[in-house]
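Here's a quick briefing to read alongside the model. Have the structure open and follow along.

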Amino acid sequence: AAETARLAILDTIGCTLAGSRTDVTRTVLKTLRAARGGELGGRASLFGHAEGADALDAALVNGTAAHALDFDDCSNTIGGHPSAPIVPALWALGETRGVSGRQILTAYAVGVEVETKLGRAVNFHHYEKGWHPTATLGTFGAAAACAKLLGLDAERAGNALALATSMASGIKANFGTMAKPYHIGHCARNGLLAALLASEGMTANEEALEHPQGFFAVYNGAGTFDATRIVDTWAKPLDLIEPGIAFKRHPCCASTHPAIDALLVLRARHGLTPKNVAKIESWTHPRRLRHTNRPNPTTGLDGKFSVQYVLARALAQGEVGIRDFSDAAVRDPQIRQVMNRIQAAPHPEARMDTNEHFFALVRVTMQSGEVFEHFVDRPMGRDRAHPLPDGALEAKFLDCAREVQGEASARALLAALLDLESVADVRGLAALMKAGLLPDDAAQPARASA
């Protein structure tokens, strides 16, 4: 569990650095500066920026940045992204308190356990109803993690979670827009705020989850949740152990990843190119296709949720990268021509009463008439049975961090985060990040136009 937590925090910080200079993060920063009279000020770091902020503002900005590229990790249990709501809140609080790396790791594990076990109680109805579980359930994860880091007793920690029921929000209608990553900044800030309020004596209803007008009934509805599933496997094992954390190979919606992986296998095996491919057909679970069947994406963020677009990119270049999600990249006429040959449909044999919904069948028809197909049960990195290649996570971190930190600083930060348990005071890592910071040329188009 500690090893998984360490890698998840590493991955989240890398994604946050990469997302720190995107349009959505800059928008949040500009808004806060204007609201604060031009200066933020504070002891908590804003990743990728020289200035600091108070803990709440830092959680908001860094939480937004953590999810800006949709490259952060996932969880089968929560039905979303477990780390992005927690790590920015913990890091902001930890910097203001001078805590150790071990304390961060422990609190992170608590937050993940709370949000994922809540996910067991409410999903997949919660997800299919239209809630964004990363934001709704992530608020509880951030609150629990911060309550642990603050050392709250049972009563005050309970109040923090009860307060979170009134602060959880985020709807899937905003997928493919700036609002989606903002959801995560909002929930990171709210989770931290709930813990801080509880630490100062704020109270809330201890039955706010199961009350007839509480979280379960209001957000899900009668007959669509099972609260006993929260405790029947509580820490037996920790969710960090089973099913663990799903690390992303591609910087786009995880629902598109199995189709990308399947096409990349076919591309390598049969030498596929845009010139020799006549048609591509993709079948995925309807739960995943509902928000990824976007044959005509118009923005970079929209492209992250278009299985047609990401498959066109995978065919054309053998990978899907961060720079493929600018507005200009999504409108590339050559890629548009490839997209016209791609069809996506729900798999006819898919069941809705199953957790096995991260599969894809991809069939390619060649100009010659030959037909090739490949099935992926789960994408690479999704679980322990489908791991990323050795060293892939470290390489991903460097790719994310080096253009913000510079090569030497990125490598030094990587080494420190891999040994997080030995860090006596996380403020030292903040100093390391700021020491290597490269200038932010805001005149250049933001990476991924996120």
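Predicted model: local features only at pLDDT ≥ 70, side-chain atom pairs only at ≥ 80, totals over all residues.

**Helix pairs and a buried strand**

Residues are numbered from 1 along each chain as its sequence is written, and side-chain values use heavy atoms, with hydrogens and water left out.

**Helix 12 with helix 15**

- Helix 12 covers residues 257-270 and helix 15 covers residues 307-317; they pack at an angle of about 25°, with their axes 9 Å apart.
- That angle makes helix 12 roughly parallel to helix 15 (the cut-off is under 35 degrees).
- From helix 12, A259, I260, L263, L264 and R267 meet V307, V310, L311, A314, L315, A316 and Q317 of helix 15 (contact means heavy atoms within 4.5 Å).
- By type, the residues of this contact split into 10 nonpolar, 1 polar and 1 charged (Ala, Val, Leu, Ile, Met, Phe, Trp, Tyr, Cys and Pro are nonpolar, Asp, Glu, Lys and Arg charged, and the others, Gly among them, polar).

**Helix 3 with helix 9**

- Helix 3 (residues 55-67) packs with helix 9 (residues 179-199) at an angle of about 150°, and their axes are 7 Å apart.
- This crossing is right-handed.
- On the helix 3 side, the contact residues are A55, L56, A59, L60, G63, T64 and H67; helix 9 brings several, including Y182, I184, G185 and L192.
- The contact of helix 3 with helix 9 holds 11 nonpolar, 5 polar and 2 charged residues.

**Strand 5 and its neighbours**

- Strand 5 (residues 360-366) has 6 of its 7 residues buried, so it is largely enclosed by the rest of the structure (buried means under 20% relative accessible area, with a 1.4 Å probe and protein chains only).
- Strand 3 (residues 277-284) runs antiparallel to strand 5, with 7 bridges joining them (two strands pair if DSSP finds at least two bridges between them).
- Across that pairing, K279 stands opposite T365 in strand 5.
- Strand 6 (residues 371-376) also runs antiparallel to strand 5, through 6 bridges, and F375 of strand 6 is the bridge partner of L361.

Conventions: Buried < 20%, exposed > 50% of the residue type's maximum accessible area, 1.4 Å probe, protein only. Helix = DSSP H or I, 4+ residues; strand = E, 2+ residues; numbered from the N terminus. Axes fitted to C-alpha atoms, helices over the stretch in contact; angles between N-to-C directions. Parallel < 35°, antiparallel > 145°, perpendicular 65-115°, else oblique. Left-handed = near helix turned anticlockwise from the far one by under 90°.
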